[in-house]
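Please open the model in your viewer and keep the selection tool at hand.

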Amino acid sequence: MPEYDVLVIGGGAAGLRAAIAAKRAGASVALLSKVHPLRTNSALSPGGINAPLGSDDSVQKFADDIMNAGDGLCNSEAVNALAAEAAREVVWLERVGVPFNRDADGRIDRRALGSGSVERAAYADDRTGHTVLHVLHEQFQRYDIPCFKEWFVTSLIQDAGACTGAVALDHRSGRIESFSAGAVILATGGFIQAYRPCTAAVGTTGDGLALGYDMGVGLADMEMVQFHPTVYNATRTALISEATLSAGARLVNAAGDTVVDAAGLSRAQLAAAVDKAGRNGGGPVSLDLRPVENLTSRFPGAAEVVRLMAGLDITQVPVPVQPVAHRAMGGLDANASGETSVAGLFAVGECAHSGVHGAGRMPGNTLTEAVVFGKRVGEAAAAHAKSAGARSASTDQAARDGGRLAEITSGGSSGDTMGTIHRELGEVMHANLGVTRSDAGLTEAQEKIRTLRERHGKLRVGNKSRIFNYALTSYIELGNMLKLAEAVALAARGRNESRGAHLRSDFPERDDTSWKAHTVVHQQDGAPKLDRKAVSA
């Protein structure tokens with residue numbers, strides 16, 4: 001059985017940064033990822049990475065902007081940590097190879113994103129996430145950290161109340177292996193593939209959230225799902241950075257009239273405005289990028305992606321856009337060091353809820369969160385592993401997981417398909433848990449998701465092999481998304497107010513008297529139960 005001080009599950013920016021930090025802290029580290037790290041969702045953050053680098057900026061101003069975007073649900077400890085440590089991490093990224101754009105004085109250039117009060121986002125054209133991910137992967141390789149690519153984690157191992165490792169399926173060999181660890185870090189990203197359409201990479205199926213949830217960790221603020229307002233969508237989505245709006249692009253109707261002034265609006269406010277404009281009879285909303293100077297040199301990624309996905313030339317015609325599910329603010333309930341309620345189990349990145357985003361994530365903070373909290377959580381996990389001492393994980397869990405996989409691949413088909421259930425789930429989430437919600441729609445969503453879970457439970461995978469059996473792992477991923485969707489619907493129906501990304505047509509006002517609190521969903525007797533938790537001062 002492989003044994004490590006720290007086991008990182010998830011190979012995106014947060015997982016890579018956590019692994020590097022744990023290794024530099026003196027821990028033995030390994031990383032498990034179901035895909036190659038360079039195929040993870042972190043690459044899909046084009047606009048930039050926030051840090052208070054300018055003379056017109058400060059740590060306090062950055063923290064204030066985060067709190068404003070969070071609409072009363074931010075945890076101040078997490079916000080202050082992000083704001084205080086962001087500049088150091090961006091400078092580190094620059095020194096290890098990220099080719100950030102430069103201003104006329106040769107310093108790291110910055111652009112405006114969303115509702116930020118100053119130009120704060122360092123950027124590499126409009127491929128910032130792609131570039132940061134590649135450099136982090138290079139540094140990860142430099143530290144010679146073992147990387148188990150195309151290993152799918154099937155469960156976590158628990159001993160005496162503590163997490164002591166994980167069980168994973170190796171796609172290449174088909175074998176199931178137990179990994180022992182003094183600390184486990186979940187860095188598997190969010191669950192936005194539960195929506196159709198969405199901007200997320202195909203592997204963003206909530207695996208880490210489901211693993212922690214099954215171990216007893218609460219899911220906090222799951223109703224807070226962010227929609228990106230400038231996404232081309234037809235058969236495939238093409239995300240265009242909101243930085244184009246700060247550069248002069250306009251949101252227009254079919255007549256070419258401006259439908260909303262984006263200046264100073266949060267992402268949630270902008271998404272709501274675009275959604276409303278698209279429904280008011282003025283025709284589809286489009287993003288007119290033609291007013292942007294040096295358009296294709298400043299936003300080469302947008303030009304290429306829209307050309308490939310839509311066959312459109314952004315220098316010649318406006319691009320039809322709509323709000324599309326983008327990222328989650330909710331996740332596994334954790335503190336600013338990534339610690340969860342289970343000893344030895346940490347969470348970081350989009351699968352974690354530290355409270356740093358509150359009810360609204362600032363554009364540009366996704367990558368900042370990944371590197372700042374990746375470092376913090378990696379170091380905290382290394383310290384925990386050292387204090388916990390040697391642990392040996394039982395192999396019993398691997399045997400149980402093997403039996404479960406055998407059951408999934410036994411028997412005949414129910415006539416249903418995973419593709420059908422996933423499509424119907426995505427449609428339910430988009431229609432009833434979209435930009436605007438209501439009690440009637442949320443009730444309908446709960447009923448449909450419950451039915452979809454029952455249908456999923458009757459499915460079986462015909463291929464009995466475990467070698468590169470992606471149908472088998474897709475079955476587990478779909479089960480994870482259905483489980484998390486149930487938690488999202490429960491939390492959204494419970495929060496009877498409008499705040500940040502959660503807009504209720506039947507409760508249009510923010511209610512600080514009753515709802516200045518986090519929702520937390522726990523499993524109780526196999527069913528989700530909604531609680532609430534006070535917001536940290």
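A residue is called buried when its relative accessible area is under 20%, exposed when that area is over 50%, and partly exposed in between. The model on display is a predicted one.

Select Cys 74 to begin. Cys 74 has a relative accessible area of 3% and is therefore buried. Now select Cys 147. For Cys 147, too, the nearest cysteine sulfur is that of Cys 351, here 17 Å away, and Cys 147 is in no disulfide. Its relative accessible area is 23%, so Cys 147 is partly exposed. With a disulfide requiring sulfur atoms within 2.5 Å, the count for the model is zero.

**Ala 336 and its surroundings.** Move to the loop between β18 (331-333) and β19 (345-347), and select Ala 336 there. Ala 336 is buried, at 3% relative accessibility. Which residues does Ala 336 touch, not counting residues up to four places away in sequence? They are Glu 77, Ala 78, Phe 373 and Arg 376. Select Ala 81 as well: Ala 81 and Ala 336 are 255 residues apart along the chain, yet their C-alpha atoms are separated by 7.6 Å.

**Helices α1 and α4.** Select residues 13-24 for α1 and residues 128-142 for α4; their axes come within 9 Å and cross at roughly 30 degrees. An angle under 35 degrees counts as roughly parallel, and α1 and α4 are therefore roughly parallel to each other. Their crossing is left-handed. To view the contact, display the side chains of Ala 13, Leu 16, Arg 17, Ala 19 and Ile 20 in α1, which meet Leu 133, Leu 136, His 137, Gln 139 and Phe 140 in α4. Sorted by class, this contact of α1 with α4 comprises seven nonpolar, two polar and one charged residues.

Select Pro 197, in the loop between β9 (176-186) and α5 (207-214). A cis peptide bond, with omega of about 0 degrees, joins Arg 196 to Pro 197.

Proceed to Ala 160, in the loop between β7 (151-159) and β8 (162-170). Although Ala 160 is not a glycine, its phi is positive, at about 55 degrees. Finally, select Asp 221, between β10 (219-220) and β11 (225-233). Asp 221 is likewise a residue other than glycine with a positive phi, near 50 degrees.

Key
Residues numbered from 1 in each chain as written. Predicted model: local features only at pLDDT ≥ 70, side-chain atom pairs only at ≥ 80, totals over all residues. Heavy atoms only, no water. Buried < 20%, exposed > 50% of the residue type's maximum accessible area, 1.4 Å probe, protein only. Helix = DSSP H or I, 4+ residues; strand = E, 2+ residues; numbered from the N terminus. Contact = heavy atoms within 4.5 Å. Axes fitted to C-alpha atoms, helices over the stretch in contact; angles between N-to-C directions. Parallel < 35°, antiparallel > 145°, perpendicular 65-115°, else oblique. Left-handed = near helix turned anticlockwise from the far one by under 90°. Nonpolar A, V, L, I, M, F, W, Y, C, P; charged D, E, K, R; others polar.
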